[in-house]
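Look at the fold below before reading on.

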Amino acid sequence: MKKILYSIAILAASALTFASCEKGQFIEENTSTTGATVISASIESSLTKAALSGNDAQGYEVLWSKGDRIRVIGQDGFDKYYTLVGDGGSTKGTFTGDPMPDGDYRAFYSISGTQLPDKQLFNEGKTDNSPMYAEFKVSDGKADEASFWNLCGLLRINIGRSDGKKVRSIEVSADQYMAGLITIYGDKHITITEGTWPLPPSKSVTLDCGEQGVAVSPNSADFCIALPANDYTGVKMVISY
């Protein structure tokens, strides 16, 4: 297995896009079921989750896709999953599942809770690793619309090769934390907890492309890694072939 290390200076010249959160940037340093509750869910940002539509300098449009599930957490130990109705293909979708009592709820997509993993799996044409979050209320048995917002932006890495080699993994690291237990704030930003419980935070994230790897052509292929918005310094990237 061959590994190649890139610095941020090379990254900047390699069609890399960090989409979604405006304050997310890299700094270069010198170098329907009876009795069920129905949730109407919309994706607030069109720039960066499940299916991808388009691929330009502005980033991806994010759409719900068939089979999507969200985790809903409420009071008194309420914790259930709800499944998208239909085939998706839109920023708006309807999720259905067990009845919910009136109250306040939090909903998560892609992550089971408030832990950003330091390992993500490549899935062509999708950003399964990009977590989203929403808060909503249920009153008189009806749920308000859940407006999901992206907890992370997408680091888009464009790779092209003419020698037929396959990408097996991509690791991105920086001086700041990129994964770990997060705190979600009402003004739509997150921070990573620096403690060691339940898992220590990580200053690197790895995209696993599977045992067979992912073939890239001279026309290039896109690889997306979800990262929390931050002013990252000392950024490095290791691509394993």
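Predicted model: local features only at pLDDT ≥ 70, side-chain atom pairs only at ≥ 80, totals over all residues.

Residues are numbered from 1 along each chain as its sequence is written, and side-chain values use heavy atoms, leaving out hydrogens and water.

Start with the largest nonpolar core, which has 23 residues. A nonpolar core is a set of buried Ala, Val, Leu, Ile, Met, Phe, Trp, Tyr and Cys residues joined through side-chain atoms within 4.5 Å. Buried means under 20% relative accessible area, exposed over 50%, and partly exposed in between (1.4 Å probe, protein chains only). Among the members that touch the most others are Val167, Phe223 and Ile225. β23 (221-227) is one of the elements that give two or more residues. It gives the most, with four. Strands are DSSP runs of E, at least two residues, numbered from the N terminus.

Now take β23 itself. Seven of its seven residues are buried, so the strand is largely enclosed by the rest of the structure. Ala221, Phe223, Ile225 and Leu227 cover one side, and Asp222, Cys224 and Ala226 the other. β23 pairs with β16 in the antiparallel sense over seven bridges; pairing takes at least two DSSP bridges. Leu155 stands opposite Ile225.

Finally, turn to Pro117, in the loop between β11 and β12. Pro117 is partly exposed because its relative accessibility is 40%. Its contacts (heavy atoms within 4.5 Å) include Ala179 and Val205, not counting residues up to four places away in sequence.
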